[in-house]
Amino acid sequence: MSQKAPLITRDVLAIERTRLANERTFLAYFRTAVVFLSAGFAILEMSALEEIRPLGWFLLCLSPLILAVGIGRLVYIRAHIKKYYQL
């Protein structure tokens, strides 16, 4: 049986940067989902924007999908990081 060599400081820091980048990417997905959700609600609530009401509904439906993609990516990348580098 061969044991894995301990990671050097440079590798540990690279893994940490990758983890932080993954979280930052998720936050970008989350921010986009919140903006789409709020824009959809704003379009639906304003009577002056009656002609683009379908866009409001589209944004409301798209928002949870964007959030789901972001969560999926977060979990997928986190699992790959754990798989290759057990700290």
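The model is predicted: local features need pLDDT of at least 70, side-chain atom pairs count only at pLDDT 80 or more, and totals for chains, interfaces and linings use all residues. Residues are numbered from 1 along each chain as its sequence is written, and side-chain values use heavy atoms, leaving out hydrogens and water.

**Aromatic pair**
- Rings of Phe, Tyr and Trp (its six-membered ring) pair if their centres lie within 6.5 Å; planes under 30 degrees apart are stacked, over 60 edge-to-face, the rest tilted.
- The count under this rule is one aromatic pair.
- F26 and F30 have ring centres 6.3 Å apart and planes at 35 degrees, so the pair is tilted.
- Both residues sit in helix α1 (residues 9-45), four residues apart, about one turn of the helix.
- Helices are DSSP runs (H or I, at least four residues), numbered from the N terminus.
- F26 is buried at 18% relative accessible area, whereas F30 is partly exposed at 40%.
- Buried means under 20% relative accessible area, exposed over 50%, partly exposed in between (1.4 Å probe, protein chains only).

**N22**
- N22 also belongs to helix α1 and is buried, with a relative accessible area of 9%.
- Leaving aside neighbours within four places in sequence, N22 contacts R73, L74, I77 and R78 (heavy atoms within 4.5 Å).

**Surface patch**
- L7, V12, Y84 and Y85 make a nonpolar surface patch of about 370 Å².
- Patch residues have over 30% relative accessible area and no salt bridge, with nonpolar side chains (Val, Leu, Ile, Met, Phe, Trp, Tyr) joined within 5 Å and like charges within 9 Å.
- A salt bridge puts a side-chain nitrogen of Lys or Arg within 4 Å of a carboxyl oxygen of Asp or Glu.
- Accessible areas come from the Shrake-Rupley method with a 1.4 Å probe; for residues, only the protein chains shown count as cover.
- Y84 lies in helix α2 (residues 53-84) and is partly exposed at 49% relative accessibility.

Methods. Helices (H or I, at least four residues) and strands (E, at least two) are DSSP runs, numbered from the N terminus.
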